[in-house]
Amino acid sequence: MSWIILTLFVFLFIGAGIFYFCVFFDQAILTRRGTLYRVKTEKKKVALTFDDGPSPIWTSQILYELKKEGIKATFFMGGRHVKLYPEVARKVAEEGHEIENHGYAHNVLFYYRPEEIEEEIKYTEHIIEQVTGRTTKYFRPPKAWLRGSIKKKIKGMGYEVVLWSLNSKDWVTFDARRIVNVISKRVKSGDILLFHDSGGVLKAEGGDRSQTVATIPLLARELDKRGFEFVTVDQLIKGEGQ
Ligand SMILES: [Zn+2]
């Protein structure tokens with residue numbers, strides 16, 4: 001009998017650990033070295049970023065909210081999704097948002113060889129250029145996992161690895177008000193904010209991004225009250241924008 005209780009206890013402990021890791025811990029803290037994850041600036045500017053799209057369901061809803069609030073954001077797109085939904089990717093470009101590179105298949109790249117990473121980035125760059133006419137220069141690795149030696153290789157390709165300083169955790173937080181409260185308490189000038197315009201808890205496609213959509217107007221008003229302006233990642237890095 002006691003071994004059953006012990007097994008249950010172990011499973012409960014592991015489950016609690018996984019829950020904590022997913023909901024509260026931001027793994028990007030472990031891989032930030034050698035990347036650009038926020039910009040040092042006195043100006044009250046922040047960049048909104050959306051990963052994993054384009055999505056035929058969610059991206060246009062996000063574009064609608066961004067347009068209403070007069071915000072230009074940055075979309076780190078997956079090559080596979082650009083190939084599947086080119087008209088959505090084109091709409092993002094037409095509405096004046098920045099488009100950057102999130103790799104092709106949303107695989108964790110931690111154990112990839114340098115030449116495999118190069119192929120992943122170059123192929124995605126090619127698809128994005130073919131579909132939207134945009135060239136990419138910032139790369140965001142899926143789930144932030146990337147080895148130090150590979151970061152040098154990516155820089156050698158003329159890319160900057162861009163992570164984030166504030167994680168909305170929108171993929172595991174199902175309440176827009178909670179997302180806005182957490183961000184409002186922590187936000188600082190030069191922050192790069194992570195959101196998703198596609199995917200759910202276990203995959204990068206589909207999912208329920210309704211709370212991400214609902215967050216945009218709430219966050220826009222809250223940060224506007226505090227004097228913040230939204231710019232694209234490129235504008236934030238170059239000190240440009242509104
Ligand atoms: Zn991603």
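Me: Okay, which residue stands opposite Leu193 in strand 7?
Reply: That's Leu166. Keep in mind that this is a predicted model. From strand 6 the chain passes through helix 8 to reach strand 7, a right-handed β-α-β crossover.

Me: How many bridges join strand 6 to strand 7?
Reply: Two, and the strands run parallel. Strand 1 (residues 45-51) also runs parallel to strand 7, with five bridges joining them. Leu48 has Leu193 as its bridge partner there.

Me: Is strand 7 buried or exposed?
Reply: Five of its five residues are buried, so the rest of the structure largely encloses strand 7. Ile192, Leu194 and His196 are on one side, Leu193 and Phe195 are on the other, and both faces are covered.

Me: Leu193 keeps coming up. Which residues touch the most other members of the largest nonpolar core?
Reply: Ala47, Trp164 and Leu193, out of 57 residues in that core.

Me: And what does Ala47 touch?
Reply: Leaving out residues up to four places away in sequence, Ala47 touches Thr74, Ile192, Leu193, Val231, Thr232, Val233 and Leu236.

Me: Why would residues a few places apart point the same way?
Reply: An α-helix has 3.6 residues a turn, so residues three or four places apart end up pointing the same way.

Me: Pick something in helix 9 for me. What is Thr215 in contact with?
Reply: Thr215 sits in helix 9. Setting aside neighbours within four places in sequence, its contacts are Asp170, Ala176, Ile179 and Val180. Thr215 counts as buried because 27 other C-beta atoms lie within 10 Å, and the cut-off is 20 or more.

Me: How far apart are the C-alpha atoms of Thr215 and Arg177?
Reply: They are separated by 7.1 Å, though the two residues are 38 residues apart along the chain.

Me: New topic: helix 5. Which residues are buried there?
Reply: Val88, Ala89 and Val92, within residues 86-94. Those residues cover an arc of only 100° around the axis, which puts them on the same side of helix 5. The face turned away from that buried side carries Glu87 and Glu94, both exposed.

Me: What does the buried side of helix 5 pack against?
Reply: Its buried residues pack against helix 3 (59-69), strand 2 (74-77), helix 4 (79-84), strand 3 (98-101) and helix 6 (114-132). Just after helix 5, Gly96 takes a positive phi of about 85°.

Me: Let's zoom out. How many helices and strands are in the protein?
Reply: Ten helices and eight strands. The radius of gyration is 18 Å, close to the 18 Å the globule rule gives for 242 residues, so the protein is as compact as a globular protein of that length.

Me: And what share of the residues is buried?
Reply: Buried residues make up 44% of the 242. Among contacts between residues at least 6 apart in sequence, 78% join residues at least 24 apart.

Key
Residues numbered from 1 in each chain as written. Predicted model: local features only at pLDDT ≥ 70, side-chain atom pairs only at ≥ 80, totals over all residues. Helix = DSSP H or I, 4+ residues; strand = E, 2+ residues; numbered from the N terminus. Rg over C-alpha atoms; globule rule 2.2 N^0.38 Å. Buried ≥ 20, exposed ≤ 12 C-beta atoms within 10 Å, placed from the backbone. Contact = placed C-beta atoms within 7 Å. Pairing = 2+ DSSP bridges. Right-handed = clockwise from strand over helix to strand, strands pointing away. Core = buried A, V, L, I, M, F, W, Y, C linked by C-beta atoms within 7 Å. Arc of directions from axis to C-beta.
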